[in-house]
Amino acid sequence: MFDAEKFIEKTILKLREEIKGKALIAFSGGVDSTVSAALVSKAIGDQLIAVHVDTGYMRKNEPESVKNLMKEMGLNFRFIDASKEFYDALKNVEDPEKKRKIIGGKFIYIFEKVAEKENIKYLVQGTIAPDWIESGDTLRDTIKSHHNVGGLPEIMKLKLIEPLRDLYKDEVRKVARVLGLKVSERQPFPGPGLAIRIIGEATPKRTEIVREACDIVEKEIELAVEMGKMERPWQYFAVLIPVKTVGVHGDQRAYGNTIAIRAVQSIDAMTCAYSDIPHDVLEKISTKITNTLGNKVNRIVYDVTNKPPSTVEWE
Amino acid sequence: MVQIYVIDNGGQWTHREWRTLRDLDVETKIVPNTTPFQDIKKDEIDGLVLSGGAPRVGMQSDLGKCAEYLEKAEVPILGICAGHQFMGRFFGGKVEPAKIPEFGKVELMLLKEGELLFNGVSKKSIVWESHNDEISILPGEFIHLAESDTCKIQAMKHKDKPFYGLQFHPEVEHTEYGEQIFQNFIKICKRDE
């Protein structure tokens, strides 16, 4: 079986040998990048610079909590608000693969700028096994371009370091527990963020809608898990489908968007079964979303597809 | 320690096969399907897994050097999905587009009792699938071991050689007896030492 302590010991030694000089880590605050940051920081200390980019597609209150996490971990960090840049870059873009590639490219552009200014030679990423498997290669078909793999430009100035490349999520969580990181049980959140939870153009307005809906889904499901009503899903969120349907609000015709509730069970995301959310929980989520989002959303649907044939996220 | 290599035909779950074997304390490695058999043989392996592949390769392509492995290997071989289909084709069976492609959850029915590979597996169990093509005609030297409602040849084995083919994916978490099937295959590899 996988031995987290041994892995930590070996990886730190290897990183110390591999990295000669300053390194930059793309820090999202998720389990993978947090564990990577902890390992590299143990190996090279303050030579590691953690960079968090607020893309505008983060979840509710996420930028603040990521900043606090970097502080708590004692990382040497930079916080960059690039939301306007990302919104502009995704203007009129509807194709999911294009969205992922544009976001990946933007990330690298920002990291390269920081690297140039601070004379950094290495880029650390929290890539794990399913990321590079799904991104495809000469042998494998591309299921989706994970921003940390498929989005990378062909010629990159920075040397890539991926300490978790051969691990699956459950193994990364084990490492996180041994390292005492509080993010160890956090649900995965895709690199392109909320942009791929909006079908069609990811405008700032639509982002606000899905941000609010995701927050409601997360809170209600976490509450249900705490109360023992259901198993903790691998991942749980809302998707905005900009398809309008007719509703009735206080004797008046309403014409609003649709939100899908998605939650899946898995150990490594390579296969998933849709989560069995109790009906009273679904109803609570539905009522909360429609009441909070008023005339913007008037229909809620529940995604009951496994992987395969579908994937966890919609894009 | 048992040593079983995973031949990578480009499937989404190649890494999972490697991981399942590793978790069962097998010495294992992912090897590209372009590796000459000689290079694999000199590592004194006890068995091979032929992974699944990108869409349609089980039906059409050469699958690297898989033919050479099936021709020369004396150790047990487990073909999965495209690996299974290729094994069927290699021994003279036929692979065609499935009438009903299967994705996700399917019920598997075992046809024979006392089969080593399915030791400890219930007569009916849940397996996960992901295929567009299937073996439509079983090769002459093979025995039909399992089926589902929507796909006839879900499992087969060679009459004389320790070669097995599975259309479903024992390596994924949601296949009920997946780990058990791998354990059985490891036992078959050990027995053959």
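Here is a friendly conversation about a predicted model with chains A and B.

Mentor: Residues count from 1 along each chain as its sequence is written, while chains are lettered from A and ligands numbered from 1 in the order in which they are written. Because this is a predicted model, local features need pLDDT of at least 70 and side-chain atom pairs count only at pLDDT 80 or more, whereas totals for chains, interfaces and linings use all residues.

Trainee: How many helices and strands does chain A have?
Mentor: Helices are DSSP runs of H or I with at least four residues, strands are runs of E with at least two, and both are numbered from the N terminus. On that basis, chain A has 9 helices and 9 strands.

Trainee: What is the radius of gyration of chain A?
Mentor: Along its principal axes, the C-alpha trace of chain A spans about 70 × 40 × 40 Å. The radius of gyration is taken over C-alpha atoms, and the globule rule is 2.2 Å times the number of residues to the power 0.38. For 315 residues that rule gives 20 Å, and chain A comes close to it, so it is as compact as a globular protein of that length; its radius of gyration is 20 Å.

Trainee: What distance separates the centres of the two domains of chain A?
Mentor: Domain bounds come from an automatic or database domain assignment. Chain A is divided into domain 1 (4-185) and domain 2 (198-302). Taken over C-alpha atoms, their centres are separated by 28 Å.

Trainee: How many residues of domain 2 of chain A are in contact with domain 1?
Mentor: Two residues are in contact if their C-beta atoms, placed from the backbone, lie within 7 Å. Domain 1 of chain A brings 14 residues to this meeting, and domain 2 of chain A brings 12.

Trainee: How do the residues on the domain 1 side divide by class?
Mentor: Ala, Val, Leu, Ile, Met, Phe, Trp, Tyr, Cys and Pro count as nonpolar, Asp, Glu, Lys and Arg as charged, and the others, Gly among them, as polar. The side of domain 1 of chain A that touches domain 2 of chain A has 6 nonpolar, 2 polar and 6 charged residues.

Trainee: Which residue stands opposite A:L24 in β4(A)?
Mentor: Strand β1 (residues 23-26) of chain A runs parallel to strand β4 (residues 122-124) of chain A, and 3 bridges join them. Opposite A:L24 stands A:L123.

Trainee: How is α1(A) oriented to α7(A)?
Mentor: Axes are lines fitted to C-alpha atoms, for helices over the stretch in contact, and angles run from 0 to 180 degrees between N-to-C directions. Helix α1 (residues 4-18) and helix α7 (residues 169-178) of chain A pack at about 80°, with their axes 9 Å apart. Angles under 35 degrees count as roughly parallel, over 145 as roughly antiparallel, 65 to 115 as roughly perpendicular and the rest as oblique. Therefore α1(A) and α7(A) are roughly perpendicular.

Trainee: Which residue of the hairpin of β6(A) and β7(A) takes a positive phi?
Mentor: Strands β6 (residues 235-249) and β7 (residues 252-265) of chain A run antiparallel, joined by 12 bridges. The hairpin has 2 residues between the strands, and the positive phi, near 50°, belongs to A:G250.

Trainee: What is the bridge partner of A:I259 in β9(A)?
Mentor: Strand β7(A) runs parallel to strand β9 (residues 297-302) of chain A, with 5 bridges joining them. The partner of A:I259 there is A:I300.

Trainee: Which strands stand at the edges of the open sheet of 9 strands in chain B?
Mentor: The order is β2-β1-β3-β4-β9-β8-β7-β5-β6, with mixed pairing. Each edge strand has a single partner strand, so one side of each is left without a neighbour in the sheet; they are β2 (27-32) and β6 of chain B.

Trainee: Which element gives the most to the side of chain B that touches chain A?
Mentor: In total, 18 residues of chain B are in contact with 17 residues of chain A. The elements giving two or more residues to that side of chain B are α1 (14-23), β5 (94-110) and β6 (124-137). With 4 residues, the one that gives the most is α1(B).

Terms used:
Two strands pair if DSSP finds at least two bridges between them.
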